[in-house]
Amino acid sequence: MRSVPPWARFYVVCTALGALLCTVPVWDTHAPWAAVALFTALCAGCERLAGGRLGGGVPDGTGTSGGGPPRWHTPVVLAGAFLLPPPAAALVPLPGALLARVEQRPAWPRRLWRAGQLGVGARAASEVHWALGGRDAVLAHHFPYALGTAGAAVVAFCLVLAVLDGGILALAERVPVRQAWRGLLSRSLAPVAVHGLAGLMMAVLWRSPYGPVAALLVLLPMYVSGWAFAQYHGERAAHQATIRALVQAVDIKDEYTRGHSERVGQASVLIARQLGMDDARVEVLRFAGILHDVGKLGVPTRLLRKDGPLTPEERRIIELHPEYGHEIVRGIGFLGEARSAVLHHHERLDGSGYPYGLTGSHIPEPARVVAVADAFDAMTSTRSYSRARPVAAALAELQRCAGTQFDPRMVTALAQALDRHGWHPAVTADEAVTAVTAPASEEPGGVPAPTPVPTPVPAVEASRRGAP
């Protein structure tokens, strides 16, 4: 959202005006102005202490739809919704949102967006809570009824934010309308519910004999959890930066396969999810696919870019790239099983692969996944030495070689995943993927690829030359 389209700006302004309208009758509600001022100052303070970052591609009021848990000012907003009249509750998040620090530009549309969606969401939550008698339940410490009304208010809050977020995704990020709202509500419910419980606890303590000071203690564990989450995401960002730097180095060195690593990671994720792997292993397989060819950094550039056929000696040098890659990533602890895929993704089930000639189940599972993903992308991408094949033709070739070269389970999983989700690879600016059938066994320069087994195998099993 670096350059906000006009319709998106109009949408943001309308949302902000809607939040302002939500506060209009505030002077007629006999609101406890001291409590309103305290809640408002507290919410603004939380914004500043938490950094107030409006990150991601979409300005986001809670951090849920934009990629993360709710910010730790959310309990204050919800506590205000539980205790204050609806117009006053809508006022609570506005100053803090308008004063938030913004790391991405343009700043004011992002501030207005946060203020608008939080104001409207707080008004909706408070209306639902009050309509169900939640305020009286909180004042009377009437549990579990107070939990039920608070839960209904949280759902209303999440629903409003999800509806608004879907609109901004469609207008600012040009996400297809059918996909813009998908998963927004379900992803936000759980984290906002946790913060809703904290907000309810704050509201109960606020109305207790101990007063607001006791209520403020609820924010301490919220701050600690937010700090821990920020540390986790900082570490994760460092991991991503490490991987991105390695992949960019490979792309610069081997220009013919630019974008290949990301697509192999994408295909590996499809296979892993189809096999029912948990999220942690799916992430490992994504890393494995992205980094499988990092060993090319150790191969002379002249060999990677050579237009003619390779000599046997040059082929042996290129076949060292899995071992080079393993040496590069061996010390990166967070990669886990991905390191074995980097080393063994050119092994074949019949033992004719390299570098160690492993057979069958002796080949690590991540390597068997990446081998299929690697071959699939190589066959469906246009290279200097071959034209792209249609997806159906590439799958037929993989199925023909299943059992000798590829693990049949992985091939079947990829076919099923593509049948369900299709193949929508990220294509780089300098790569045009054309659905043209290529010869079954062809190396760069039109030279038939040598194969140690009677059954023909895809000549483009690997992402680049030198993979028989």
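In this predicted model, the side chains of Glu 365 and Arg 409 meet in a salt bridge, with 3.4 Å from N to O. Because Glu 365 belongs to helix H19 and Arg 409 to helix H21, the pair ties together parts that are 44 residues apart in sequence. Glu 365 has a relative accessible area of 19% and is therefore buried, the cut-off being under 20%, whereas Arg 409, with a relative accessible area of 44%, is partly exposed.

Another salt bridge is formed by the side chains of Asp 407 and Arg 368, at 2.6 Å from N to O. This pair, too, links distant parts of the chain, since Asp 407 is placed in the loop between H20 and H21 while Arg 368 is in helix H19, 39 residues apart. Asp 407 is buried, and Arg 368 is buried as well. Salt bridges with shared partners also join Arg 281, Glu 337, Glu 365 and Arg 409 into one network.

A search of the whole structure finds 13 salt bridges, and the table lists some of them.

| Salt bridge | N to O distance |
|---|---|
| Glu 365 and Arg 409 | 3.4 Å |
| Asp 407 and Arg 368 | 2.6 Å |
| Lys 296 and Asp 293 | 3.4 Å |

Both partners of the pair formed by Lys 296 and Asp 293 are buried. As for His 292, this residue is in the loop between helix H14 (279-291) and helix H15 (301-304). His 292 is buried, with a relative accessible area of 0%, and its side chain makes a polar contact of 3.2 Å with the side chain of His 260.

Which residues touch the most other members of the largest nonpolar core? They are Leu 291 and Leu 398, in a core that holds 49 residues. At least two residues of this core are supplied by each of helix H12 (219-253), helix H13 (260-274), H14, helix H18 (338-344), helix H19 (365-379), helix H20 (391-400) and helix H21 (408-421). The largest share, nine residues, comes from H19, the helix in which Glu 365 lies.

With neighbours within four places in sequence left aside, Leu 291 is in contact with Ile 243, Leu 246, Val 247, Val 329, Leu 335 and Val 342. Apart from this core lies another, made up of 48 residues, which include Ala 31, Ala 35, Leu 164 and Ala 215.

Notes: Residues are numbered from 1 along each chain as its sequence is written. This is a predicted model: local features need pLDDT of at least 70, side-chain atom pairs count only at pLDDT 80 or more; totals for chains, interfaces and linings use all residues. Side-chain values use heavy atoms; hydrogens and water are left out. Helices (H or I, at least four residues) and strands (E, at least two) are DSSP runs, numbered from the N terminus. Buried means under 20% relative accessible area, exposed over 50%, partly exposed in between (1.4 Å probe, protein chains only). A polar contact is a pair of N or O atoms within 3.5 Å; within protein, one must be able to donate a hydrogen and the other to accept it, and residues adjacent in sequence count only if both atoms are side-chain atoms. A nonpolar core is a set of buried Ala, Val, Leu, Ile, Met, Phe, Trp, Tyr and Cys residues joined through side-chain atoms within 4.5 Å. Contact means heavy atoms within 4.5 Å. A salt bridge is a side-chain nitrogen of Lys or Arg within 4 Å of a carboxyl oxygen of Asp or Glu.
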